Each structure stands twice: as C-alpha cells, then as structure tokens.
Amino acid sequence: MEINDISKELQDWIHAEQRAGRSLDMDRICKQLREIRERHNSTPVSDSIGLSPEEMHNVIYGPFSSQCVVELNTLEKSQYDKIPLVRQTLFLLNTLIEKELKLTKLGWLPLKIVAEAYHLGQPEWIIEELKQKRINEYEAGPVRMARIILELLGWIKTRKGMLSLTAKGRKAFSDIDAAANEILRFSLVGVGLHTFDRYDEDRIGNWGMAYSVWLLNKYGSEWHLGDFYKEYYQKVFKFPGNYDAYETRVFMRLFYWLGIVEQRLNRHVGPPFKEEYRKTDLLSMIFSFK
C-alpha cells in the first residue's frame with residue numbers, strides 16, 4: 001500500500017461517514033489515519049517475500065539490529081574463527097600486534113603475509129586454477145577486504161611505507177570477541193563492495209544487505225542460480241545500472257568469503273555456465289531470523 005492508497009482509503013472513510021450523517025472532527029480523522037497506517041505497516045508486501053513495510057524499513061535502515069528481522073548474533077572467539085573472512089582479518093590484526101609490516105614499493109602487503117592470510121580463507125578459483133605460488137594482495141580479494149576493513153575501522157595506518165596498528169586498533173585487540181564482532185558487522189555494512197569491480201551503480205548489493213541475507217535464509221536450502229536472487233532483489237531495489245553486479249558483489253564475493261554460501265558451476269544451463277549457490281550451517285550460527 002503506497003501513500004496514495006492510504007490517502008484514498010482515508011478519503012473513502014470520510015465520505016462514508018458524511019453520507020451516514022456522522023459528525024467528524026480532527027480527533028476521529030487522526031485516529032482513523034493511525035489505524036490505516038498501522039494496518040499498512042503490518043501488512044506483508046508481495047515483492048518483499050512477505051515482509052511488511054515496517055519490517056522492510058528496519059531491514060534497510062537498521063540492518064542486523066534488534067529491530068531487524070535479521071539480527072547479528074554475538075559469538076565467541078572459537079565461533080568467529082570458523083568464519084573465513086573474520087579469521088583472515090584477525091590474522092592480519094594479530095600480525096600487526098607483533099610487528100609493523102613493510103609494504104611493497106606499490107603499497108601492497110608483503111607476499112608472505114598475503115599467502116598466509118589467503119590460505120586461512122576461501123580458495124579463489126583463478127588462483128587455484130593457475131596454481132599460483134606468488135599471490136599478490138590485489139589478486140586475493142578476501143585478503144584485500146581484510147585490510148580495507150581494518151583501515152576503515154581506523155585500527156591500522158600506513159606511514160612511510162610501514163603498516164602498523166593505531167591506538168584504537170590496540171584497544172580493539174584487547175577484547176578479541178568484541179573486535180571479531182565488529183569486523184563481521186563492518187564487513188556487511190561498512191565496506192563498499194563496488195571497491196572490487198567496475199560496475200557503474202555503487203548501491204546495487206551494498207544497499208539492503210540484510211534483505212539479501214534474509215533471501216538466502218529463506219531459499220538457500222536448495223541450489224539456486226544467482227539470477228534467482230537477483231530477481232527478488234531487483235523487485236525491491238530499483239536502481240539504474242547492471243544488476244549482474246548483485247550476484248558478483250554479494251554472493252560470489254562477500255557471502256562466499258564469509259563462508260555462508262557454497263558455490264558450484266551449473267553445467268545444465270548454458271554455456272556459458274553459471275554459478276549457483278546454497279547456504280551453509282554458518283548462516284544460522286552468525287544470524288538469527290525472526
């Protein structure tokens with residue numbers, strides 16, 4: 001129900017009351033308007049797979065909060081260690097607790113650190129296919145993501161070619177459970193996934209991340225192509241641009257890096273063959289669904 005629908009329903013009610021000869025005052029009109037709005041806010045919307053307007057509002061503007069239908073759980077270190085991207089980010093944080101890192105001339109992480117961090121996470125298809133022994137930071141997406149998370153959180157800094165922890169980073173490390181929780185939360189809502197591609201529209205995928213997690217939980221028990229999820233997302237978020245960015249940013253990268261999806265090549269559709277996805281047990285560990 002749109003604002004115009006609410007207005008029309010209120011006008012119809014006013015006309016009916018007038019025809020019935022009942023008196024109207026602002027108190028009665030305001031009361032009726034509140035009742036219409038409350039009914040509107042609690043009515044599921046078909047395009048958003050049964051979520052009401054109020055629930056969708058919280059999904060978009062309060063993602064993973066206690067008011068959202070998808071809430072981020074508070075975990076322990078042993079559980080955070082099961083999440084590949086969090087594990088990689090904590091490794092980098094722990095490395096910097098012990099020593100500063102001298103970056104390459106172009107400002108990238110040392111190859112040794114990249115290799116160690118990479119092998120703590122999800123295998124990247126192109127790296128595995130080419131059997132690369134020398135892995136650069138810009139080739140290992142989740143390692144690059146780990147560094148970006150720490151930089152945007154203000155926990156690390158670069159000065160004169162050296163990467164080191166900030167005072168804020170050292171403080172964060174003193175409570176590793178809280179630090180891991182913040183890393184996880186920030187990976188979902190704090191990093192622009194368009195950083196890793198050249199698609200035009202930055203908002204696709206980044207906007208409504210909790211809705212994407214909701215979709216995965218609802219349909220992820222079975223294998224589905226990325227196009228399946230893209231269609232649901234596009235019904236709600238009508239941005240200009242190429243919506244192929246959605247699968248790439250959300251499923252192929254972030255959800256895969258977090259380990260909440262497994263992926264495989266569907267050889268029954270195509271060529272070109274496309275990836276399809278299914279949720280893992282980590283999804284229910286990380287999130288609660290209402």
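Two strands pair if DSSP finds at least two bridges between them. Helices (H or I, at least four residues) and strands (E, at least two) are themselves DSSP runs, numbered from the N terminus. The structure described here is a predicted model, in which local features need pLDDT of at least 70 and side-chain atom pairs count only at pLDDT 80 or more, while totals for chains, interfaces and linings use all residues. Residues are numbered from 1 along each chain as its sequence is written, and side-chain values use heavy atoms, with hydrogens and water left out.

The account begins with a sheet. Three strands form this open sheet, in the order E2-E4-E3, and their pairing is antiparallel. Strand E2 (101–102) and strand E3 (156–159) stand at the edges with a single partner strand each, so one side of each has no neighbour in the sheet. Strands of a sheet pair through backbone hydrogen bonds, either parallel or antiparallel. Four bridges connect E3 with strand E4 (residues 162–165) in the antiparallel sense. Within this pairing, Ile-156 has Leu-165 of E4 as its bridge partner, and Lys-157 has Ser-164 of E4.

The hairpin of E3 and E4 has two residues between the strands, and in it Lys-160 takes a positive phi near 55 degrees. Most residues other than glycine have a negative phi, and most peptide bonds are trans. Lys-160 is exposed because its relative accessible area is 75%, the classes being buried under 20% relative accessible area, exposed over 50% and partly exposed in between (1.4 Å probe, protein chains only). Lys-131, in the loop between helix H7 (125–129) and H8, also has a positive phi, near 50 degrees, without being a glycine. With a relative accessible area of 68%, Lys-131 is likewise exposed.

What lies in the loop between H8 and E3? Trp-155 is found there, and its relative accessibility of 6% is why it counts as buried. Contact means heavy atoms within 4.5 Å. Leaving aside neighbours within four places in sequence, Trp-155 is in contact with residues including Leu-93, Leu-150, Ser-164 and Leu-165, and also Ala-179, Glu-182 and Ile-183. Trp-155 and Phe-173 are 18 residues apart in sequence, and their C-alpha atoms are 9.2 Å apart in space.

The next element is helix H10 (residues 176–189), which has 14 residues. From its first C-alpha to its last, H10 reaches 20 Å, close to the 20 Å expected at 1.5 Å a residue; the expected span is 1.5 Å times one less than the number of residues. Among the buried residues of H10 are Ala-179, Ile-183, Phe-186 and Ser-187.

Two packed helices are described by the angle between their axes and the distance between the axes. Axes are lines fitted to C-alpha atoms, for helices over the stretch in contact, and angles run from 0 to 180 degrees between N-to-C directions. The axes of helix H8 (residues 141–152) and H10 come within 10 Å and cross at roughly 105 degrees. H8 is therefore roughly perpendicular to H10, since angles under 35 degrees count as roughly parallel, over 145 as roughly antiparallel, 65 to 115 as roughly perpendicular and the rest as oblique. In this packing, Met-145, Ile-149 and Leu-152 of H8 meet Ile-183, Phe-186 and Ser-187 of H10. The residues of the contact comprise five nonpolar, one polar and no charged. In this scheme Ala, Val, Leu, Ile, Met, Phe, Trp, Tyr, Cys and Pro count as nonpolar, Asp, Glu, Lys and Arg as charged, and the others, Gly among them, as polar.

A further helix pair is formed by helix H11 (residues 209–219) and helix H13 (residues 244–258), which pack at an angle of about 70 degrees with their axes 12 Å apart. H11 is thus roughly perpendicular to H13. Met-209, Ser-212, Val-213, Leu-215 and Leu-216 in H11 meet residues of H13, including Tyr-246, Val-250 and Phe-251.

Finally, Lys-274 is found in strand E7 (residues 274–279). Lys-274 counts as partly exposed because its relative accessibility is 36%. Leaving aside neighbours within four places in sequence, its contacts include Leu-225, Asp-227 and Arg-264.
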